[in-house]
Amino acid sequence: MLGQHWGPFTGAVGVIKSRAGLEARYRPFQETEAPVLNRLELIGQGFDFGRDAVFKDRHFTNPNYTAGARVKVNPWLTVGAQAEDIAETTNINGVVNVSFEDKDIAYLLGFVSFAR
């Protein structure tokens, strides 16, 4: 995904689930001091615009649209919910994202490419 931030809005284009797509994110309470509201993010995605597939005798022709909300609990944990494939089946899912970052390993791996 390649994108740009415009204040509380973020727009991006790229590959979503192996298909070309668009993504928009909005942080409505980014500037507030409220402990949870300032970490809320609303997300919308659209991808697979040329979809023409058949699964279990059902023909899917509409693009795959996803909408949801996420809250960043702390720097390494994000939770939320989203509705996927809204135009066809509307599956509701929970989202839990755990991110680990180790700057020491990234620093060392940066040297590996120069070593021979």
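**Aromatic pairs**

Modeller: Let us begin with Phe 9, which is partly exposed, with a relative accessible area of 45%. Please keep in mind that this is a predicted model.

Colleague: In which strand does Phe 9 lie, and in which strand does its partner Tyr 26 lie?

Modeller: Tyr 26 is also partly exposed, at a relative accessible area of 31%. The pair ties together parts that are 17 residues apart in sequence, because Phe 9 belongs to strand 2 (residues 9-16) and Tyr 26 to strand 3 (residues 19-26).

Colleague: How many aromatic pairs does a search of the whole structure find?

Modeller: A pair of aromatic rings is described by the distance of the centres and the angle of the planes. Phe 9 and Tyr 26 form a pair with 4.7 Å centre to centre and 20° between the planes, and this pair is stacked. The search of the whole structure gives a total of 2 aromatic pairs.

Colleague: What kind of pair do the rings of Phe 55 and Phe 60 form?

Modeller: Phe 55 counts as exposed at 53% relative accessibility, whereas Phe 60 is buried, with a relative accessible area of 9%. Planes over 60 degrees apart count as edge-to-face. The ring centres of Phe 55 and Phe 60 are 5.7 Å apart and the planes stand at 65°, so the pair is edge-to-face.

**Residues in loops**

Colleague: Is Glu 88 buried or exposed?

Modeller: Glu 88 lies in the loop between strand 8 and strand 9. Not counting residues up to four places away in sequence, Glu 88 touches Arg 51, Arg 58, His 59, Phe 60, Thr 61 and Asn 62. The limit for a buried residue is under 20% relative accessible area. Glu 88 has 15% relative accessibility, so this residue counts as buried.

Colleague: How far apart in space are Asn 74 and Arg 39, C-alpha to C-alpha?

Modeller: Asn 74 lies in strand 7 and is partly exposed, with a relative accessible area of 23%. A polar atom of its side chain is 2.9 Å from the backbone nitrogen of Leu 77. In sequence, Asn 74 and Arg 39 are 35 residues apart, and in space their C-alpha distance is 9.1 Å.

Colleague: By what distance are the C-alpha atoms of Val 73 and Val 36 separated?

Modeller: Val 73 is found in strand 7. Leaving aside neighbours within four places in sequence, Val 73 is in contact with Arg 39, Thr 78 and Val 79. Val 73 and Val 36 are 37 residues apart along the chain, and their C-alpha atoms are separated by 7.9 Å.

Colleague: With which side chain does the side chain of Thr 10 make a polar contact of 2.7 Å?

Modeller: Thr 10 is in strand 2 and is buried, with a relative accessible area of 13%. Its side chain makes a polar contact of 3.1 Å with the side chain of Arg 27. The polar contact of 2.7 Å is made with the side chain of His 5.

**The largest pocket**

Colleague: Which strand gives the most to the lining of the largest pocket?

Modeller: The largest pocket has a volume of about 300 Å³. Its lining is made of 16 residues, with Arg 25, Glu 41, Lys 72, Thr 78 and Asn 97 nearest its centre. Strand 4 (40-47), strand 7 (64-74), strand 8 (77-84) and strand 9 (91-98) each give two or more residues to this lining. The strand that gives the most, with 3 residues, is strand 7.

Note on methods: Residues numbered from 1 in each chain as written. Predicted model: local features only at pLDDT ≥ 70, side-chain atom pairs only at ≥ 80, totals over all residues. Heavy atoms only, no water. 1 Å grid on protein atoms, 1.4 Å probe; cavity = no way out; pocket = protein on both sides within 12 Å on 5 of 7 lines; lining within 4 Å. Points joined across faces, edges and corners; volume = space filled by probe spheres on them. Helix = DSSP H or I, 4+ residues; strand = E, 2+ residues; numbered from the N terminus. Phe/Tyr/Trp six-rings, centres within 6.5 Å; stacked < 30°, edge-to-face > 60°. Buried < 20%, exposed > 50% of the residue type's maximum accessible area, 1.4 Å probe, protein only. Contact = heavy atoms within 4.5 Å. Polar contact = N/O pair within 3.5 Å; in protein donor to acceptor, adjacent residues only side chain to side chain.
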